[in-house]
Amino acid sequence: MATPEKRAAQLREQIRYHNFRYYVLDDPQIPDAEYDRLMQELQALETEHPELVSPDSPTQRVGAEPLKVFGEVRHEVPMLSLDNAFSDEELASFDRRVRERLEVDSVEYTAEPKLDGLAVSLLYEDGQLVRAATRGDGATGENVTQNVRTIQSIPLRLLGNDHPHRLEVRGEVFISRDGFRRLNERALQQGQKIFANPRNAAAGSLRQLDPAVTAQRPLEIYCYGTGLVEGGELPGRHSEILQQLRDWGLRVYPGIERVMGLEGCVKYYRQLEKQRDQLAFDIDGVVFKVDRLDQRQQLGFVARAPRWAVARKFAAQEELTRVIDIDVQVGRTGAITPVARLEPVFVGGVTVTNATLHNEDEVRRKDVRVGDTVVVRRAGDVIPEIVSVVKERRSETCRSFVMPTQCPVCGSDIEKIEGEAVARCTGGLYCAAQRREAIKHFASRRAMDIEGLGDKLVDQLVDLKLVEDVADLYSLRPEILAGMERMGDKSAHKLIAALECSKETTLERFLYALGIREVGEATARTLAQEFGDLEVLMQASEADLEAIHDIGPVVARHIVNFFQQAHNREVIDKLLTAGVHWQAVTVSRHRPLEGHTYVITGTLSSMTRDQAKQGLQALGAKVSGSLSKKTSALVAGDNPGSKLDKAEKLQVPVLSEQDMIELLQQ
Ligand code: 9MJ
């Protein structure tokens with residue numbers, strides 16, 4: 001007779017294996033009743049011998065107490081998002097860029113369905129699931145470990161014993177169409193709110209504070225990649241890594257294929273598009289990824305998406321509805337956008353009541369009139385738009401849109417500059433609509449990240465003149481906030497805490513938050529890195545700004561204009577006085593390689609290509625992936641490939657690794 005300890009281990013091993021057959025392979029080997037008996041025996045053993053319970057025991061999926069809030073997880077390897085391709089042409093450009101950068105004629109891709117769920121990161125240490133997190137903004141996500149543990153298709157312990165010491169697996173958590181239907185049926189029976197679509201249901205379920213609730217939700221996963229890998233190695237191709245993940249008991253979509261070149265991608269896409277409605281779950285496109293990891297490394301990434309992958313989105317979903325009215329919205333920079341108010345219509349998983357018409361020219365081009373029957377499209381999570389008018393259904397009473405000459409919010413003149421598509425309200429921050437939008441932008445996640453300051457609240461604060469500029473936010477008092485609609489004592493105090501917390505920021509976030517025209521996140525970062533100091537930037541001339549790579553005359557003028565306005569300087573002063581602060585940014589002023597462009601090829605022996613790149617950039621150089629006559633020099637490591645020949649043809653100087661090191665040490 002086995003000892004209780006041995007028997008428990010045996011049972012766990014068996015249950016783990018049958019879980020894998022059932023949830024991952026969808027191919028159970030034993031009847032449910034037999035599985036239940038194994039589970040009951042293990043539960044009985046663990047009740048009798050609590051010291052035998054281990055966190056990765058199959059009985060321990062719902063163990064934890066409800067949380068108050070989710071903790072934060074910083075992703076050690078950022079979770080990138082994907083660039084989209086909305087047409088075959090865009091897919092072809094992606095493939096062309098990849099081939100050009102790699103200097104090859106054809107590339108092998110893996111093709112996988114693009115699930116419409118939530119990206120998650122699963123961290124395994126020595127084969128045990130130790131942490132799970134949502135993607136969040138890609139840099140930081142929420143710790144949802146205890147919820148993820150309740151998802152049966154996610155192993156608490158990997159099969160086999162040849163895993164890296166630390167392995168981060170990434171995938172999409174979702175709810176199948178059938179699961180979604182059952183979930184909503186149950187909600188209806190219990191008089192609860194129903195979910196709009198499977199994606200919302202999955203998001204809502206994963207972000208439950210009580211894991212016992214999550215455990216009741218039919219969440220599933222498909223894994224599609226890895227992040228951090230330490231103490232071990234993975235194969236050199238994405239397709240092989242996916243196979244390895246399957247072997248470790250992780251659930252990977254079985255229909256993922258390796259395809260050759262653009263032609264292979266298009267063929268896979270067409271096939272899946274046809275099968276889309278027969279799949280058990282919603283997908284919104286196909287993801288193509290360069291299969292060879294060495295090629296991926298060579299391609300790198302831009303902003304928040306890798307250069308080696310693209311999501312080819314399916315055609316948008318469309319429905320018919322009627323235009324009830326056309327009026328205009330005033331944006332943060334005064335841009336006047338005509339908006340069609342629609343009879344509510346369910347399209348792409350949500351009820352749509354408004355659609356943007358972009359600008360006056362667009363209204364004319366599409367000839368949309370009040371009363372028209374129109375095709376509305378909602379593609380993925382993109383803003384709904386009117387595709388076309390069904391002219392056959394137009395009646396005599398349909399009325400054309402007239403662009404107002406005065407701002408509907410503040411009454412200031414609307415001006416349209418020759419050659420520009422957009423008309424603007426000239427009211428600036430006198431206009432309540434512009435103030436409102438400026439405040440929303442200031443508070444937004446990627447700017448000052450003030451949690452709990454929602455759009456509706458900003459509207460009230462501006463309407464009641466409690467907040468006239470962004471700095472006024474920091475003098476709000478909890479008693480006042482608590483009196484607002486849909487606010488209470490608790491949320492008021494939470495918001496005050498969030499405001500307090502937002503005061504500690506970075507120069508780049510602060511610059512972005514100010515909402516200077518044409519200064520997006522990337523420009524804000526460049527400005528922070530180049531100037532390092534707000535005061536210095538505020539004194540900069542257009543010429544100083546234009547001297548910076550990436551900043552053109554229009555942006556430079558907007559920046560100088562912004563800081564020249566006394567009003568803006570006052571607001572900045574008020575913000576700093578309120579306690580908004582950031583850590584000093586160190587800038588490298590020694591930029592001897594400014595204006596030079598380098599290309600690096602081949603394998604370096606004393607550093608990685610990334611390190612070399614950073615070294616050159618720190619001295620002001622640009623590092624590019626492709627050679628041209630304008631390239632200052634090619635740095636060639638071992639096995640340099642065709643770039644070396646090309647450099648010789650173009651008469652571009654070639655540096656050895658040693659030459660580059662000497663350059664860096666200058
Ligand atoms: C989805 N959503 O199905 C990726 N994804 O890869 C697949 N998402 C992804 N891959 C890198 N299949 C970033 C995101």
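**Figure 1. Helix H1 in the lining of the second largest pocket.** In this predicted model, helix H1 (4–24) contributes 7 residues to the lining of the second largest pocket, the most of any element. Helices H2 (32–48), H5 (177–189) and H7 (211–215) and strand E8 (219–230) also supply at least two residues each. Helices (H or I, at least four residues) and strands (E, at least two) are DSSP runs, numbered from the N terminus. Local features need pLDDT of at least 70 and side-chain atom pairs pLDDT 80 or more, while totals for chains, interfaces and linings use all residues. Residues are numbered from 1 along each chain as its sequence is written, and side-chain values use heavy atoms, without hydrogens and water.

**Figure 2. Centre of the second largest pocket.** The pocket holds about 1,100 Å³ of space. Among its 49 lining residues, Tyr 22, Tyr 23, Gln 152, Ser 153 and Glu 220 are the closest to the centre. The lining comprises 25 nonpolar, 12 polar and 12 charged residues. A pocket is an open set of points on a 1 Å grid over the protein atoms alone, where a 1.4 Å probe fits, with protein on both sides within 12 Å along at least five of seven lines; lining residues have an atom within 4 Å of a point. Volume is the space filled by probe spheres set on points joined across faces, edges and corners.

Figure 3. A ligand nitrogen atom lies 2.8 Å from a side-chain N or O atom of Glu 112, and a polar side-chain atom of Lys 289 is 2.9 Å from a ligand nitrogen atom. A backbone N or O atom of Pro 113 is 3.4 Å from a ligand oxygen atom.

Key
A polar contact is a pair of N or O atoms within 3.5 Å; within protein, one must be able to donate a hydrogen and the other to accept it, and residues adjacent in sequence count only if both atoms are side-chain atoms. Ala, Val, Leu, Ile, Met, Phe, Trp, Tyr, Cys and Pro count as nonpolar, Asp, Glu, Lys and Arg as charged, and the others, Gly among them, as polar.
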